[in-house]
Amino acid sequence: MSIYRDIVVGTDGSVTASEAVRRAVELGRATGATVHVVYIGAPDRSENILRQAVEPYPDDDVRTLHREGDPAEMLVKAATDLGAGCIVVGNRGMRGARRFVLGSVPNTVSHTAPCDVLIAATT
């Protein structure tokens, strides 16, 4: 039996998110897990961003989801709904005043997730 059956990873189309998706797919390959790439945002952007996120992984078990709402809350909810064993997020998010007003996705996810959290570093 695999350590993870399902892995949730968030994307917003950024370089940081692309690295998180890459790490999630690598972890999925290593554990035999299905990777669920989640875009949280405007519906009119979801199809394009999700397509670009999964394009490099045509032979992997990667699925896509779209949600609207607070990114950290929606990632945790997706993981809970799927019974995921791990959430992968990038280590770079909002900076400055927006971070203090809206919060840091990696920080919030790491403190509220019902499962393991991998914070993928980018250089």
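In strand 5, leucine 118 is the bridge partner of valine 88. The model is a predicted one, and this pair belongs to the contact between strand 4 (residues 86–90) and strand 5, which pair in the parallel sense over five bridges. Glycine 90 also has a bridge partner in strand 5, namely alanine 120.

**Overall layout**

The protein chain has five helices and five strands. Read along the sequence, they follow the pattern β-α-β-α-β-α-β-α-α-β. Of the 123 residues in the protein chain, 41% are buried. Among contacts with a separation of 6 or more, 75% are between residues 24 or more positions apart.

Five strands form an open sheet in the order 3-2-1-4-5, with parallel pairing. Strand 3 (62–67) and strand 5 (116–120) are the edge strands, each pairing on one side only. On average, neighbouring strands of this sheet are turned by 25° against each other, direction ignored.

Strand 1 and strand 4 run parallel and are joined by three bridges. Here valine 8 stands opposite isoleucine 87 of strand 4.

Is strand 4 buried or exposed? Five of its five residues are buried, so strand 4 is largely enclosed by the rest of the structure. Cys86, Val88 and Gly90 point one way from the strand, while Ile87 and Val89 point the other way. In a regular strand, side chains alternate between the two faces of the sheet.

| Helix 1 (residues 15–31) | strand 1 (6–11), strand 2 (34–40), strand 3, strand 4 and strand 5 | about 170° with strand 1 |

The crossing is right-handed. On the helix 3 side the contact is made by Pro71, Ala72, Leu75 and Val76, and on the helix 5 side by Val105, Thr108, Val109 and Thr112. These residues divide into six nonpolar, two polar and no charged.

**The interior**

Nonpolar side chains tend to be buried together in soluble globular proteins. In this model the largest nonpolar core has 20 residues, and those with the most contacts inside it are Ile7, Val9, Val35, Val37, Val62 and Val88. Strand 1, helix 1, strand 2, helix 2 and strand 4 each supply at least two residues of this core.

Which residues does valine 37 contact, leaving aside its neighbours within four places in sequence? They are Val9, Thr11, Val21, Leu50, Ala53, Val54, Val62, Arg63, Thr64 and Leu65. A second, separate core has 15 residues, including Met74, Val76, Ala78 and Ala84.

**A loop residue**

Alanine 42 lies in the loop between strand 2 and helix 2 (43–54). Its relative accessible area is 32%, and it is partly exposed. Between alanine 42 and arginine 67 the C-alpha to C-alpha distance is 8.5 Å, although the two are 25 residues apart in sequence.

Methods:
Residues are numbered from 1 along each chain as its sequence is written. This is a predicted model: local features need pLDDT of at least 70, side-chain atom pairs count only at pLDDT 80 or more; totals for chains, interfaces and linings use all residues. Side-chain values use heavy atoms; hydrogens and water are left out. Two strands pair if DSSP finds at least two bridges between them. Helices (H or I, at least four residues) and strands (E, at least two) are DSSP runs, numbered from the N terminus. Axes are lines fitted to C-alpha atoms, for helices over the stretch in contact, and angles run from 0 to 180 degrees between N-to-C directions. Contact means heavy atoms within 4.5 Å. Buried means under 20% relative accessible area, exposed over 50%, partly exposed in between (1.4 Å probe, protein chains only). A nonpolar core is a set of buried Ala, Val, Leu, Ile, Met, Phe, Trp, Tyr and Cys residues joined through side-chain atoms within 4.5 Å. A crossing is left-handed if the near helix is turned anticlockwise from the far one by less than a right angle, and right-handed if clockwise. Ala, Val, Leu, Ile, Met, Phe, Trp, Tyr, Cys and Pro count as nonpolar, Asp, Glu, Lys and Arg as charged, and the others, Gly among them, as polar.
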